[in-house]
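Please have the sequence and the structure open while I talk.

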Amino acid sequence: MLIIPFHLHWSEVTPSKLVEVNNKHEVVQGEGKPETTALCIHQGVYRKRPDVKSVMHTHMPYASTLTCLQQPELLMLHQNSCRFYERIAYDTEYSGLGESFEEGNRLGAALGQKNVLFMGNHGVLTAAESVDVAFDYMYYLERAAMIQVLAWSTQQNLKEMDKNVIELTTKQIHEFLPHTNLHLADVDCTKGCPNEMLTPTTLSTLFLSVTAEN
C-alpha cells in the first residue's frame with residue numbers, strides 16, 4: 001500500500017513522497033511513516049475489499065456535519081446526491097481514534113460493497129478502483145452535503161426527487177465516470193489549487209492511499 005506520510009501537508013503530496021507499507025505494516029520504501037489511524041483504517045478497507053485500489057478519507061465540513069447527526073443520511077435532494085444513490089454505508093459506532101487494526105477491519109466491514117462510508121462523529125471515506133474516481137466521489141460528496149445543509153438552513157420543506165428520476169440521473173452520472181481523470185487533472189493543486197472546494201479548510205485532514213500495484 002502507498003500512503004501519505006505523517007506530517008506532510010496535503011498540498012505537498014506528490015507520487016514520489018508517498019511511502020510504501022507492506023502487509024506487515026512496515027515501511028519498505030520512501031521517507032517517513034504513515035499516521036497510525038490512517039494506516040489502520042486504510043489497511044482495513046483493502047483487507048476487506050481487494051477490488052479497491054484507492055482510498056481517501058477526509059474531515060470535510062459539510063459531509064462531516066452529516067456524520068454528526070442521529071440520522072446521518074444523504075438525502076436525494078440534488079443531482080449531485082444521485083451520484084451516491086445506494087452507494088453509501090453508514091457507521092454510527094464511533095468509539096475513539098482508529099488506532100488499532102481491529103478498528104480498521106471493523107470499518108472495512110462497515111463499508112461493505114459500497115463506495116462511501118459515513119464514519120459517525122468523525123468524517124467520510126471513499127473507496128474506488130482508481131485515485132481519480134475516489135477523488136471524484138469525495139469532491140461531489142461534499143457538494144451534495146453542502147446543498148443539503150444549506151437547504152435545511154432555509155427551514156423550508158425539502159423536496160426529494162422521485163425514485164425514477166433518481167435512478168435515471170444515477171445512470172447518467174455513472175456513464176460519465178470514465179472521464180474522472182480529467183476532473184482530477186483540472187484541480188491539480190500543483191497548479192495553484194484554484195478550486196474553492198480544495199482548500200486547507202475543506203481538506204485540513206486528508207489521507208490518501210493506493211495499492212502498490214495501482
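How many bridges join strand β5 to β6, and do the two run parallel or antiparallel? Four bridges join β5, residues 88–91, to β6, and the two strands run parallel; strands are taken as paired if DSSP finds at least two bridges between them. Before I go further, please keep in mind that this is a predicted model, in which local features need pLDDT of at least 70 and side-chain atom pairs count only at pLDDT 80 or more, whereas totals for chains, interfaces and linings use all residues. Residues are numbered from 1 along each chain as its sequence is written, and side-chain values use heavy atoms, with hydrogens and water left out. Helices (H or I, at least four residues) and strands (E, at least two) are DSSP runs, numbered from the N terminus.

Within this pairing, Tyr90 stands opposite Phe118 in β6. To get from β5 to β6 the chain passes through helix α4, residues 101–111, and this β-α-β crossover is right-handed, in the sense that, with the strands pointing away from the viewer, the path from the first strand over the helix to the second runs clockwise.

Strand β6 itself covers residues 116–119, with Val116 and Phe118 pointing one way and Leu117 and Met119 the other, and all are buried, where buried means under 20% relative accessible area, exposed over 50% and partly exposed in between, with a 1.4 Å probe and protein chains only. On to the next strand: β6 pairs with β7, residues 123–128, in the antiparallel sense over four bridges, and Val116 stands opposite Thr126 in β7. Three residues lie between the strands of this hairpin, in which Asn121 takes a positive phi near 60°.

Now to helix α4, where Glu103, Gly104, Leu107, Gly108 and Leu111 are buried. They lie on the same side of α4 because they cover an arc of only 140° around the axis, the arc being that of the directions from the helix axis to the C-beta atoms. The buried residues of α4 pack against α1 (36–48), β5, β6 and β7, and just after α4, Gly112 takes a positive phi of about 60°.

What about the interior? The largest nonpolar core has 20 residues, of which Leu74, Phe84, Ile88, Phe118, Val124 and Leu141 touch the most other members; such a core is a set of buried Ala, Val, Leu, Ile, Met, Phe, Trp, Tyr and Cys residues joined through side-chain atoms within 4.5 Å. Helix α5 gives the most to this core, with nine residues.

Finally, the rings: the structure holds four aromatic pairs, and rings of Phe, Tyr and Trp (its six-membered ring) pair if their centres lie within 6.5 Å, with planes under 30 degrees apart counted as stacked, over 60 as edge-to-face and the rest as tilted. Phe84 and Tyr137 have ring centres 6.1 Å apart and planes at 50°, so this pair is tilted. The pair links distant parts of the chain, with Phe84 in the loop between α3 (79–82) and β5, and Tyr137 in helix α5, 53 residues apart. Phe84 counts as buried at 2% relative accessibility, and Tyr137 is buried as well, with a relative accessible area of 4%.

Terms used
Contact = heavy atoms within 4.5 Å.
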